[in-house]
There are 2 protein chains.
Amino acid sequence: MSASKKILLGESELPQNYYNIQADMPNPMLPPLNPGTMQPVKPEDLTAIFPMELIKQEVSKERYIEIPDEVRNIYKMYRPSPLYRAIEFEKLLDTPAKIYYKYEGVSPAGSHKPNTAIAQAFYNKMEGVKGLTTETGAGQWGSALSFACKQFDLKCEVYMVRISYDQKPYRKVMMNTWGAEVIASPSNRTNSGRKILEQDPNSPGSLGIAISEAVEKAATTEGVNYALGSVLNHVLLHQTVIGQEAIKQLEMTGDFPDIIIAPFGGGSNFAGITFPFLRYNFQEGKNVRCIAVEPASCPKLTKGEFRYDFGDTMGFTPLIPMYTLGHTFVPPSIHAGGLRYHGAGAIVSQLLKDKLIEASAVQQLECFEAGIKFAQTEGIIVAPETTHAIAQVIREAEKAKIEGKQKTILFNLSGHGYFDMSAYQDYFAGKLQDHELTNEQLYSALKELKTPLAV
Amino acid sequence: MSASKKILLGESELPQNYYNIQADMPNPMLPPLNPGTMQPVKPEDLTAIFPMELIKQEVSKERYIEIPDEVRNIYKMYRPSPLYRAIEFEKLLDTPAKIYYKYEGVSPAGSHKPNTAIAQAFYNKMEGVKGLTTETGAGQWGSALSFACKQFDLKCEVYMVRISYDQKPYRKVMMNTWGAEVIASPSNRTNSGRKILEQDPNSPGSLGIAISEAVEKAATTEGVNYALGSVLNHVLLHQTVIGQEAIKQLEMTGDFPDIIIAPFGGGSNFAGITFPFLRYNFQEGKNVRCIAVEPASCPKLTKGEFRYDFGDTMGFTPLIPMYTLGHTFVPPSIHAGGLRYHGAGAIVSQLLKDKLIEASAVQQLECFEAGIKFAQTEGIIVAPETTHAIAQVIREAEKAKIEGKQKTILFNLSGHGYFDMSAYQDYFAGKLQDHELTNEQLYSALKELKTPLAV
């Protein structure tokens with residue numbers, strides 16, 4: 001028999017704790033600011049939309065935060081997720097590198113997103129909340145939260161960008177199947193939505209508008225909170241189950257990664273797989289290279305500025321210290337919708353500023369080409385977001401070949417692409433293109449920013 | 001911690017052999033007949049489209065047929081598949097029954113179909129074949145074969161029913177991603193296709209026409225063979241990895257099934273999960289009830305006749321002894337496209353005739369209602385075909401409750417529904433209906449049959 005492809009863990013190996021990198025990072029992240037007072041945000045600034053337990057996690061310096069049994073019980077539907085050795089893909093690349101991937105597409109929603117959705121639903125439920133609101137673009141996050149809310153018998157109200165609502169109905173149906181109400185945004189349910197509709201009754205909507213609607217609805221409705229799928233510290237924290245499992249699984253193979261690669265939108269799947277390994281860098285003298293891969297059309301990490309900026313387009317959130325292209329930056333329309341976000345989470349931004357992680361930007365044609373090579377060898381058709389990681393894996397595998405070095409590469413297969421086949425269809429039809437942004441396009445939103453630099 | 005949800009096997013537990021029920025069934029199946037001579041089909045009647053190794057498997061009486069290492073190596077991409085205990089679903093049903101399901105949706109193509117596609121591709125490759133043709137309706141089988149052909153570097157030509165080709169493009173894109181050529185059928189590539197197009201240039205096609213095109217192309221092209229996804233003995237044989245794994249997994253829990261339930265189209269997923277357990281009935285005095293669940297709109301098992309009939313609509317295949325509604329029967333359009341087949345495989349038909357298995361017919365509204373209950377508790381959104389099994393599971397679980405008996409129920413979760421969300425959409429929109437067929441509708445195709453009864 002040939003070598004093992006899958007490295008599996010039993011349910012008893014499910015992590016007991018989330019790993020909080022804030023306990024170990026050399027320089028702490030800068031505090032988010034209240035844009036009204038320009039003072040650090042206080043817990044009470046956030047209680048209108050978040051439960052206290054998540055607010056505490058947001059600022060905690062405890063290294064380990066226990067995962068509640070109720071959350072672990074739901075995780076067991078799909079966790080521990082499998083780790084794969086990409087043997088056939090390695091052969092195709094003819095590389096001396098060993099390539100492993102952690103497959104998060106096994107969750108019911110098809111990506112890593114339920115790891116935090118389940119935890120957020122639980123903590124809200126514990127504090128008596130009756131329902132959650134959120135926004136969604138193409139629908140990955142919305143479907144994860146819909147699934148999680150159903151497990152804890154919470155109502156779920158998802159504001160879905162209207163153009164996606166109309167053009168990509170299947171994620172909506174998925175959310176309905178799990179009992180969520182999905183509303184095309186802008187809607188008549190909120191002042192934010194009504195204001196937009198007055199100006200333009202046919203507005204296609206945007207993620208920024210949908211966030212504003214979801215936040216407004218939560219802030220103004222008794223018993224209803226809001227949930228976010230990336231960027232915030234507690235979201236990244238919940239994702240660390242990914243890396244912790246991967247550590248155990250790689251131990252079973254006797255390997256330890258030289259390089260870890262993950263796609264980068266707001267930071268949650270990247271953080272999830274890398275943070276537990278970064279602890280080895282910080283505390284045990286290891287030197288794992290962690291590479292965040294972003295689309296060249298939305299290059300906040302490689303071309304953005306490290307400064308205070310809003311998390312949403314409308315400017316409702318606290319000011320977050322982040323690598324950003326400006327909160328009004330509108331990235332070109334690419335198929336990796338989950339990576340079309342102007343900024344990066346505060347912790348990841350601090351790590352990048354301190355050169356403790358790396359970033360790389362890739363164009364979408366290279367990404368789809370990489371995704372198809374992977375599908376043809378490993379079988380899994382990955383989400384367009386995930387193709388970014390695979391493109392970088394190929395670059396590193398080819399470098400290893402040139403250098404003649406046997407490196408171990410681990411990447412996060414953050415989600416499958418079964419709801420994104422129209423992207424592959426457009427690729428095969430030659431309809432996709434790369435986007436070379438001018439500096440003017442890149443920095444126009446930043447130039448208008450009046451917020452302070454984060455230094 | 002609560003009980004274990006997933007029962008996993010390592011790769012070393014992958015079955016070494018296929019289990020051939022022809023070695024153990026009390027009455028052998030009747031021989032297929034050559035419709036020209038009305039004599040039993042000879043191997044040489046089939047060599048134009050099948051490799052010799054599969055023809056041998058079709059008639060073998062050996063109990064175990066070794067799975068080649070090359071096939072097991074590809075199986076390891078997704079096998080052994082997980083067995084789940086449906087704890088949350090049990091709670092919802094408030095039943096004393098234990099419910100387990102074998103999850104075949106973990107394969108790259110999303111169903112059990114690759115279990116035979118991989119084996120068929122391998123045996124063809126070994127005999128020097130360069131490419132395979134097949135037909136596909138909604139695309140489950142076509143995508144499984146596309147994936148398998150890519151693994152063994154075979155060309156793959158899929159004739160896809162035109163109306164599906166036009167209306168459901170995503171399975172097509174999936175096949176393209178794995179390198180297959182997908183042709184809308186009827187096409188200009190074959191005499192069969194051209195004949196239909198002459199009569200009706202806008203023909204929406206049918207599975208029967210697509211089979212004819214694929215068979216004709218294989219029969220008339222050097223180095224090209226044909227592959228079928230259900231009905232035939234060798235196809236059912238390859239699926240027995242499912243049941244063999246389930247036996248080992250249930251042994252780990254200490255349970256043994258009282259009832260096994262699977263959706264029924266041509267018989268492949270039903271055979272795959274039940275045949276290895278039926279051996280216990282035949283040889284060790286066990287009494288597992290095996291229930292095949294078909295749509296009430298295509299009730300060949302519960303209302304069909306046991307007689308010789310063609311496997312395809314056009315009447316090109318050998319005559320197969322099967323429960324059938326007549327090979328020209330056109331079932332109403334339901335969303336479980338994979339179950340819209342007029343007949344049942346010969347072995348399964350013999351077992352049903354001998355009352356060694358049971359059959360049940362359910363309407364599609366009950367099925368979707370069952371599927372949604374399952375999705376809301378267990379997370380997985382299943383294929384419309386699979387909802388038929390779940391509907392029957394609910395019936396049996398409710399019966400167990402009334403009887404106050406703790407039964408163990410196992411069902412085959414044959415595939416996920418991520419490419420079938422339009423079906424759920426139609427259900428939520430109230431667009432689906434049940435189909436009460438009149439006897440005239442049911443038997444009109446049978447009445448015209450001139451083939452012999454199978455007795």
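Buried means under 20% relative accessible area. The views below come from a predicted model.

View 1. A:Leu9 sits in the loop that links strand E1 (6-7) to strand E2 (17-19) of chain A. Setting aside residues up to four places away in sequence, A:Leu9 touches A:Pro80, A:Glu245, A:Lys248, A:Gln249, A:Met252 and B:Leu8. One of these partners, B:Leu8, belongs to chain B. A:Gln249 lies 240 residues from A:Leu9 in sequence. In space, the C-alpha atoms of A:Leu9 and A:Gln249 are 7.1 Å apart.

**View 2. A:Ser111 and its polar contacts.** A:Ser111 is in the loop between strand E5 (98-103) and helix H4 (114-126) of chain A. With 3% relative accessibility, A:Ser111 counts as buried. Its side chain reaches the backbone nitrogen of A:Lys113 at 3.0 Å. The side chain of A:Ser111 also makes a polar contact of 3.2 Å with the side chain of A:Gln140. Beyond four places in sequence, A:Ser111 touches A:Glu104, A:Gly105, A:Gln140, A:Ser414 and A:Gly415.

**View 3. Helices H5 and H7 of chain A.** The axes of H5 (residues 140-151) and H7 (residues 169-177) come within 8 Å and cross at roughly 10°. Angles under 35 degrees count as roughly parallel, and H5(A) and H7(A) are therefore roughly parallel to each other.

**View 4. Helices H1 and H4 of chain B.** The axes of H1 (residues 52-59) and H4 (residues 114-126) come within 8 Å and cross at roughly 130°. That angle makes H1(B) oblique to H4(B). H1(B) contributes B:Glu53, B:Leu54 and B:Gln57 to the contact. H4(B) contributes B:Gln120, B:Tyr123 and B:Asn124. The classes are two nonpolar, three polar and one charged residues.

**View 5. B:Phe275 in the largest nonpolar core.** This core holds 278 residues. A:Tyr75, A:Phe275, A:Phe411, B:Tyr75, B:Phe275 and B:Phe411 touch the most other members. Leaving aside neighbours within four places in sequence, B:Phe275 is in contact with B:Tyr19, B:Ile21, B:Leu236, B:Thr240, B:Ile347, B:Val348 and B:Leu351.

How values were computed
Residues numbered from 1 in each chain as written. Chains lettered and ligands numbered in written order. Predicted model: local features only at pLDDT ≥ 70, side-chain atom pairs only at ≥ 80, totals over all residues. Heavy atoms only, no water. Axes fitted to C-alpha atoms, helices over the stretch in contact; angles between N-to-C directions. Helix = DSSP H or I, 4+ residues; strand = E, 2+ residues; numbered from the N terminus. Parallel < 35°, antiparallel > 145°, perpendicular 65-115°, else oblique. Contact = heavy atoms within 4.5 Å. Nonpolar A, V, L, I, M, F, W, Y, C, P; charged D, E, K, R; others polar. Core = buried A, V, L, I, M, F, W, Y, C linked by side-chain atoms within 4.5 Å. Buried < 20%, exposed > 50% of the residue type's maximum accessible area, 1.4 Å probe, protein only. Polar contact = N/O pair within 3.5 Å; in protein donor to acceptor, adjacent residues only side chain to side chain.
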